[in-house]
Structures are given as C-alpha cells and as structure tokens.
Amino acid sequence: METQVSVVGVTGTVGSRVASKLAQKGIKVRGIARDPSQLAGPANVELVAVDLTDRLEVEKALKNSRAIYLTTAEIGEDSLALERAVGLNVVEAAKDADIQ
C-alpha cells in the first residue's frame, strides 16, 4: 500500500507547509480541513472537508492513512474545549484504525 499521510488543519500556516513538503517528497497526502477551499497548495494533495467534531466523519477521512499530522487553531468562543474535542476525535479514530 502506498504511504499516505493525513494532515489535519491543512489550510493553516503549519499544516499547509507540512502538506506541501510531504507532497514534494512524493508522499501521498490527504489534506483535512473544515473548509479546504481556502488552501492554495500543491495540486497533488487530496483535499477533504470534514467536521472535525464528528467522530465518524474523522474516522472516514483517516481511512487508509499510515500517519497523521494534527494541527488545530482557535475556533469560536470556547476554542480550548473545541480543540480538545477535535484532538481526542482524531486520536481515537487513529487508534481504531491502527494508525502508527
């Protein structure tokens, strides 16, 4: 199976740079974001819109990934609680998918 890295938060400053560098190295990249249309990055990054608070959506988006790079940003009024929920969703989905 081809190595695939999912970059969560691909439209952010860090996530977009990570995705770009991975793609330049020939690694298959899936960019995950709330609104991936904001990304101005390499054409060879697969972009997926995901509600990161929805555990099932996160799990589907991570399918076939071998690794994950997770970045989050302030989102809304209670951003710390939301960042925590998003992080836990991604970690639990990764564990269920046996992503190393």
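This is a predicted model: local features need pLDDT of at least 70, side-chain atom pairs count only at pLDDT 80 or more; totals for chains, interfaces and linings use all residues.
Local features need pLDDT of at least 70 and side-chain atom pairs count only at pLDDT 80 or more, while totals for chains, interfaces and linings use all residues, and side-chain values use heavy atoms, with hydrogens and water left out.

Begin with the whole chain in cartoon view. You will find three helices and four strands (DSSP runs, H or I of at least four residues for helices and E of at least two for strands, numbered from the N terminus). Trace the chain along its sequence and the pattern reads β-α-β-β-α-β-α.

Next, select Ile32, Val50, Leu52, Val58, Leu62 and Val90. These have the most contacts inside the largest nonpolar core, which has 13 residues. Such a core is a set of buried Ala, Val, Leu, Ile, Met, Phe, Trp, Tyr and Cys residues joined through side-chain atoms within 4.5 Å; buried means under 20% relative accessible area, with a 1.4 Å probe and protein chains only. Now colour α2 (55-61) and α3 (79-96), the elements that give two or more residues to this core. The biggest share comes from α3, with four residues.

Stay there and centre on Val58. Leaving aside residues up to four places away in sequence, Val58 touches Val50, Asp51, Leu52, Asn89, Val90 and Ala93 (heavy atoms within 4.5 Å).

Then move to Val18, Leu22, Ala23 and Ala33, which are among the 10 residues of a second, separate core.

Finally, zoom out: buried residues make up 36% of the 100 residues in the chain.

Technical notes:
Residues are numbered from 1 along each chain as its sequence is written. Buried means under 20% relative accessible area, exposed over 50%, partly exposed in between (1.4 Å probe, protein chains only).
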